[in-house]
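Here are some friendly notes to read alongside the model. Please keep the 3D view open and turn to each place as it comes up.

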Amino acid sequence: MQRAGTRRLRRPLRVVEAFVLMGITVATVFLASVFGYGVFAQDETDSTGDQAENVIFVLGDGLGPAHRDAIQLSKVGPYDRLTMDRLPYQGMVGTNAEDPETFVTDSAAGATSLATGVKTYNDSINVDNGGDRLTSIMKQAKAQGKAIGVVTTSQVTDASPAAFGGASVPDRDAQSEIARQLIEDVKVDVILGGGEDYWYPEGNEGAYPDDPADEEVSQSNRGNLVNRARNLGYEYVSDPADLNGADSRKILGLFANEEMFEQNPEGEGDVYDPDPTLPKMTRKAISVLSKDPQGFFLFAEEEAVDEMSHNNNGRLMLKSGRAMDRTVSEAKFYADGNDETLLITTADHECGGLTVESIDDPEYPDESGGNEGNENANLSTEDGPFEVANSDYQMILDWTTTGHTGVDVPLTASGPGARNLVGNYENTEVYDVMAETLGFPKAQRTASAN
Ligand SMILES: [Zn+2]
């Protein structure tokens, strides 16, 4: 089962290793030809090398291929790699939805496909096109005795944590019902992020005062869900300083009325400074969940990559992207010491139609635009310049839309089962590999009560 040593090797070294091993026995060569040389990363006597106890899934909402490149340039420069891009196995994931009006997915359908292995319509949280409820991989993990957690810089009831966390509602806007399901039905052990407004009823401001000017007001239509959580045994924290000291196995931490940042165009009230940070929340969640002897599944999401891309705000897209990479580092630190952990990092879709360019060359002027008369016309354009780390270069981010696009997104992974995520495939296959790696049967659909 040991994999940590070989897993840390980078690909060129594994090739060298492969040739050494190939020289040893003909049988090994035969195995290689049958299974591909991923087999060399396995203990050859271990037929269960693709079984994992734990999964850590880090989602960059809206994080397309050019986002990763831009974040790399901003964080480590032109010739180095992000932690997320150093994970040894890489695939490209198709994100298309099965929506009657468009193939371009929203976060709800995208996360549902990743979490359940089923394509569906936009706005759906774990409900298929026939109206049946779908069971998420984390709900399955809970049923198998594992501890589960969702961590996000968005509302904890936003589309991606809702779908992974195992809620099931026909429309993603039902955030208080999602909150109720997370604590009462699925019993998610650790819930950390924003979105307090959906836990307190109108008139009860909660820990973060209402801000009607910013449309941030308590609006739960399922009663006081914080009290409900307390009655169910959750330790509730709202002060970032209290998160460290929380010592329960069930924690609900809500640290903002809505998102833990302000998504706006640059210079128009845009803020990305979550407290606690996503890496810090992730570290805490891992320390709590990993106490479960039967293993755990943690879903951690950086939402601001998507929201800042919607606003074509390159500066804060880059800042949140760097925070996401530190989050992957937190997860990798745990996975390096616990080799029964499958670590996956990917996106639900691309956002912004982004590409990366050098600073203006008079021979190739800005070719963006074409949106005259649209209020967003001034947004979908060139953005920058931004500094390129460890160099004297600068870069321009060039946006083509303020919405989602249909391009494939990169996935990188390490640990048991990760080699099965190499290739080009639809997002539903990510569920298939996770279920297989955890030893779960394919989840059943259940008839809807709606
Ligand atoms: Zn999304």
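Two residues are in contact if their C-beta atoms, placed from the backbone, lie within 7 Å.

1. **How to read the model.** This is a predicted model, in which local features need pLDDT of at least 70, side-chain atom pairs count only at pLDDT 80 or more, and totals for chains, interfaces and linings use all residues. Residues are numbered from 1 along each chain as its sequence is written.

2. **Confidence.** pLDDT is the predictor's confidence in each residue, from 0 to 100. The protein chain averages 89, and 85% of the residues score at least 70. Please be careful with residues 1-13, where pLDDT stays under 50 and the model has 20 contacts beyond four places in sequence. Residues 28-47 also stay under 50, with 23 such contacts.

3. **The whole chain.** There are 15 helices and 15 strands in the protein chain; helices (H or I, at least four residues) and strands (E, at least two) are DSSP runs, numbered from the N terminus. Of the 450 residues, 52% count as buried. A residue is buried if 20 or more other C-beta atoms lie within 10 Å of its own, exposed if 12 or fewer, and partly exposed in between, with C-beta atoms placed from the backbone.

4. **Ser 290.** Find this residue in the loop between helix H12 (278-289) and strand E7 (296-302). Why does Ser 290 count as partly exposed? Because Ser 290 has 18 C-beta neighbours inside 10 Å. Leaving aside neighbours within four places in sequence, Ser 290 is in contact with Phe 296 and Tyr 334. Ala 147 is 143 residues away along the chain, yet the C-alpha atoms of Ser 290 and Ala 147 are separated by 7.8 Å.

5. **The sheet.** Ten strands form an open sheet with mixed pairing, in the order E5-E6-E4-E3-E7-E1-E8-E14-E2-E15. Two strands pair if DSSP finds at least two bridges between them. At the edges, strand E5 (235-237) and strand E15 (423-426) each pair on one side only. From one strand to the next, the twist averages 15°. Strand E4 (residues 190-194) and strand E6 (residues 251-254) run parallel, joined by four bridges. Ile 191, for example, has Leu 252 in E6 as its bridge partner.

6. **H4 against H14.** The axes of helix H4 (residues 65-75) and helix H14 (residues 314-337) come within 9 Å and cross at roughly 85°. Axes are lines fitted to C-alpha atoms, for helices over the stretch in contact, and angles run from 0 to 180 degrees between N-to-C directions. H4 is therefore roughly perpendicular to H14; angles under 35 degrees count as roughly parallel, over 145 as roughly antiparallel, 65 to 115 as roughly perpendicular and the rest as oblique. Among the residues that meet are His 67 and Ile 71 in H4, and Leu 318 and Asp 325 in H14.

7. **H6 against H15.** Helix H6 (residues 107-116) and H15 pack at an angle of about 30°, with their axes 5 Å apart. That makes H6 roughly parallel to H15. Ser 113, Leu 114, Ala 115 and Thr 116 in H6 meet Thr 428, Val 430 and Tyr 431 in H15.

8. **Inside H15 and just after.** In helix H15 (residues 428-438), the buried residues include Val 430, Tyr 431 and Met 434. Just after H15, Gly 439 takes a positive phi of about 75°.
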